[in-house]
Amino acid sequence: MTELTGTTKHLLLDNRVVQSTRGVRLAVGRPVKHAGNPLFVQDKPWEPRFDNGYPNIFYDQQERLYKCWYTTFVIDKAQETTPPARRKKGEYFSIGHKLEKPWRVVGLCYSTSRDGLNWTKPRLDVCPWNGKPSSVLGVGPHGAGVVKDLAEQDPARRYKMFMLDDRIRGMAVAFSADGVRWSASHPCPEMAARGDAHNNALWVPQLKRWVGITRTWDGQARQRLVARTESEDFLHWTPAVEILRGEGTRQIYSMCVFPHAGVYLGLMMIFDTASDRVHVELAWSPDTIAWQRIDPGTPLIANSPRRGAYDWGTVYAAASPIVYDDHTALYYIGGDGCHGDWRDGCLAMATLRPDGFAGYMPTAAQGHVITPPVQWGGALGVSADIARGGSLTASVLLNGKEAVRSEPLARTGSGALLRWGDKARIAALIGKGVQLKFHLRAAKLYSFEISG
């Protein structure tokens, strides 16, 4: 068995760092929705319906500015001509299909914030609405994924867009120097993807390629499929290939992929066709190619249980979270109604503890997790939630036998260093191949990190 390599921080959701377990299960984290939600709503004439929103949010350190690109229906004649008091359940599409075509037109909008909570929709001259400045950047981009490429040498290609372009009825890319004024779209028919969901792209260093995550369709099974495509230059792409699908009435509507602590995480939008609602679940991959779901059926970002609340009906996560030292911000577009019915949308946020996407917790009083061989460095930090009266203890195993055990950790911590009673013994193990055994009692372990 080979030793763990790569980053010194290891997420327990990565099954490569878990050799065996007893009395524990892997469970997704529990984000806390922000008390100030919703952060912004569809309150402009050019945004009658956010629909799924497909938000892309990141913090631009150069400009010290949070930036958000999101999809909206800039025209929705059904929503615009039917006041809330006249909206009857289940009639949204039937009314829309009776109206003059096109009754819905999609566009890309832009918003900024200094603190990530208070957002401004700037009045720009890029795409005027009814002759006046607006926050619309373009009509046609559908489910656009936007990234800022700091490694790009051509300033005109600093920002990149990966999208379905409704104007050409196919997948396309576009470029921008500032993320506001975009080039004409470059068609990419070779992808052969349906793409009518959140399309997102990221640079994968180990592959030295761009990877695009989009959607295809299995007509026979009537299933939405998560698909993957590659490119060396962001212009020419491989045919999209299925990498993940749901089951039965729980389809994967779209998936947003991002790197974190040596793995790739996927935020899956789970569309329950029976209830017509959407929530977010979690998956992980070592390479963006092979994927495993985590705690299937359990939401990472759940719908509100209160009918009519801002995210009761639908939750569509942003392309990637924003990771801080003390928490992770998960932005999403929430909808107060069902996927195929009347609904108003908003931007919302939930916060997650550091590395708290998923962790192991006991199924009874206590349990343990044992890692494959690792090279011991002398210090061990853990990120764990520990309930009152609970504890986490680590044993260092040499040749399968306990060589030394840590003192119990009895408080929740992130990167908390464990203490060792036998300091001479723990120092003598530095550089040796050992295994770690984590003993959990009313505790949930998310990650560990070995240091020297």
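Two strands are said to pair if DSSP finds at least two bridges between them. Helices (H or I, at least four residues) and strands (E, at least two) are DSSP runs, numbered from the N terminus. The model is predicted: local features need pLDDT of at least 70, side-chain atom pairs count only at pLDDT 80 or more, and totals for chains, interfaces and linings use all residues. Residues are numbered from 1 along each chain as its sequence is written, and side-chain values use heavy atoms, with hydrogens and water left out.

Strand S18 (residues 209-218) runs antiparallel to S19, and nine bridges join the two. Within this pairing, valine 211 faces glutamate 230 of S19. A hairpin is formed by S18 and S19, with four residues between them. Arginine 222 lies in the turn and has a positive phi of about 55°. S19 also pairs with strand S20 (residues 241-245), again in the antiparallel sense, over four bridges. Here arginine 228 stands opposite valine 241 in S20.

Buried means under 20% relative accessible area, exposed over 50%, and partly exposed in between (1.4 Å probe, protein chains only). In strand S19 (residues 223-231), nine of the nine residues are buried, so the strand is largely enclosed by the rest of the structure. Both of its faces are covered. One side holds Gln223, Leu225, Ala227, Thr229 and Ser231; the other holds Arg224, Val226, Arg228 and Glu230.

Glycine 170 belongs to strand S15 (residues 170-176). Its relative accessible area is 17%, so glycine 170 is buried. Leaving aside neighbours within four places in sequence, glycine 170 is in contact (heavy atoms within 4.5 Å) with Met163, Leu164 and Asp165. Its C-alpha atom is separated by 8.1 Å from that of alanine 192, 22 residues apart along the chain.
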